[in-house]
Amino acid sequence: MASRSASGADTGVSAAGRASGAGDGGAVANASRQATDGVRPAGRAGVATVSPAGTDGAGTGVPASGARSRFVAYARLAKFEFVLDYYLSMLVLWTALAGSVRFAGDTWTTLLLFLLGEIGVISAVMALDDVNGIKDGSDRANYLGTGGTPLRPLERKPLLTGALTVPQATRFGYLSLLWGTVFWTASAFAAPERPLWALVVTGLVLFAGFQYSWGLKLSYRGLGEVLIMGCPLVIVVAPYGFVTGHLPAIVLVQAVLFGLWQILVSCYSNTKDISGDAAVGRSTVAVHTSARGNLVFIGALSAVDLLLTVGASAVGWAPWWFFAALLPEMALRLRQFTSFSRNGDALLARRRGVVAFRTGVAGIVLANLIHFAS
């Protein structure tokens with residue numbers, strides 16, 4: 001759960017290649033003048049050397065002033081417009097409930113409290129990831145070219161543009177984490193059921209999620225992909241467990257797909273960010289493997305998506321017709337991977353991954369409304 005997996009609206013197209021270069025357009029007009037230092041020319045093996053500007057590496061633009069400007073800046077810090085896909089977890093699990101349970105008062109209370117907590121936890125992850133990205137220089141490397149030319153729209157990075165300061169963003173991150181903790185605790189207390197496994201996995205996400213780039217810096221220890229897939233999976237199964245007390249195979253399959261579809265957005269971001277991630281020591285599959293090895297990894301994840309979708313119907317974990325509801329998603333997934341394997345365009349593949357994700361969620365919701373109609 002980090003900004004690299006949530007930013008599903010890049011407007012540019014990267015060049016082909018393992019460490020794809022410039023290509024995003026539509027940046028804020030004056031942003032390119034605010035942070036032209038911070039990235040030195042690529043060093044040996046094509047890996048950029050990153051040096052944060054100033055004492056904290058933050059941008060030098062005009063700070064956000066006024067209630068509306070600050071609200072917009074903090075919303076961008078939390079990547080709110082890009083992480084809305086995470087909140088579709090509620091729609092997936094709610095439609096997977098039996099008809100009589102969906103509209104029960106304690107169901108609505110439990111899910112509303114969990115959703116409020118989810119907003120806090122995700123906002124904390126995004127904010128602290130940006131703080132770390134400014135401090136170690138990786139955001140400058142990944143968002144600015146060697147000449148200071150924006151590679152992606154900078155308005156989504158208020159620390160780079162100077163709209164917020166590092167202390168402001170850090171404070172926001174910790175307050176968001178506190179918010180999430182309070183509401184997830186309240187959700188557990190309000191829940192009609194509290195199975196131990198649901199409490200444990202919720203606690204794990206609460207503990208580990210914000211440490212993607214902060215604290216233990218788990219993404220620097222090779223656990224980034226695990227978190228990016230595991231956290232979305234948990235925010236489907238945990239509230240379902242709080243409401244029902246159990247976890248049927250069909251819901252687990254849908255949760256795994258929900259997490260898998262997120263990593264099939266993020267792995268393409270990681271492909272584009274190889275230079276910046278390598279320079280600061282972030283450990284991703286894309287950094288540690290060859291171009292071919294990374295392609296094999298992405299291909300394996302794509303194959304698991306297709307096999308799980310069809311296999312769930314074949315072995316009886318889902319209705320026999322379940323795979324038919326996801327045929328559009330499977331077609332988009334094949335297009336995403338085959339196109340990337342030909343042209344190496346990571347940002348285009350990522351945007352197609354977002355479309356595939358949303359199409360898949362729509363298919364799951366439709367299947368649930370039919371299957372759990374009674």
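**Group meeting: helix packing and aromatic pairs**

I'll start with the rings: W94, F103 and W108 are linked into a cluster by ring pairs. Keep in mind throughout that this is a predicted model.

Some background on the chain. The protein chain has 374 residues, and 56% of them count as buried. Its secondary structure consists of 17 helices and 2 strands. If we take contacts between residues at least 6 apart in sequence, 78% of them join residues at least 24 apart. The accessible surface is about 14,600 Å², and carbon and sulfur atoms account for 67% of that.

Now to one helix pair. Two packed helices are described by the angle between their axes and the distance between the axes. Here the pair is α11, residues 249-272, and α17, residues 346-371; the angle is about 170° and the axes are 8 Å apart. An angle over 145 degrees counts as roughly antiparallel, so α11 is roughly antiparallel to α17.

Which residues of α11 and α17 meet? On the α11 side they include I250, Q254, F258, W261, L264, V265 and Y268. On the α17 side they include L347, R350, G353, V354, F357, V361 and I364. Taken over the whole contact of α11 with α17, the residues divide into 13 nonpolar, 8 polar and 2 charged.

Back to the rings. How many aromatic pairs does a search of the whole structure find? The search gives 11. I'll go through two of them.

The pair of F80 and Y87 is tilted, with 6.1 Å centre to centre and 40° between the planes. Y87 has a relative accessible area of 12%, so Y87 is buried; the cut-off for buried is under 20%.

The other pair takes us back to the two helices. W261 and F357 are edge-to-face, at 6.2 Å centre to centre and with 85° between the planes. What does this pair tie together? W261 lies in α11 and F357 in α17, so the pair ties together parts that are 96 residues apart in sequence. Are W261 and F357 buried or exposed? Both are buried.

To put α11 and α17 together: the helices pack at about 170°, W261 and F357 are among the residues in their contact, and the rings of W261 and F357 form an edge-to-face pair.

Key:
Residues are numbered from 1 along each chain as its sequence is written. This is a predicted model: local features need pLDDT of at least 70, side-chain atom pairs count only at pLDDT 80 or more; totals for chains, interfaces and linings use all residues. Side-chain values use heavy atoms; hydrogens and water are left out. Helices (H or I, at least four residues) and strands (E, at least two) are DSSP runs, numbered from the N terminus. Buried means under 20% relative accessible area, exposed over 50%, partly exposed in between (1.4 Å probe, protein chains only). Contact means heavy atoms within 4.5 Å. Accessible areas come from the Shrake-Rupley method with a 1.4 Å probe; for residues, only the protein chains shown count as cover. Axes are lines fitted to C-alpha atoms, for helices over the stretch in contact, and angles run from 0 to 180 degrees between N-to-C directions. Angles under 35 degrees count as roughly parallel, over 145 as roughly antiparallel, 65 to 115 as roughly perpendicular and the rest as oblique. Ala, Val, Leu, Ile, Met, Phe, Trp, Tyr, Cys and Pro count as nonpolar, Asp, Glu, Lys and Arg as charged, and the others, Gly among them, as polar. Rings of Phe, Tyr and Trp (its six-membered ring) pair if their centres lie within 6.5 Å; planes under 30 degrees apart count as stacked, over 60 as edge-to-face and the rest as tilted.
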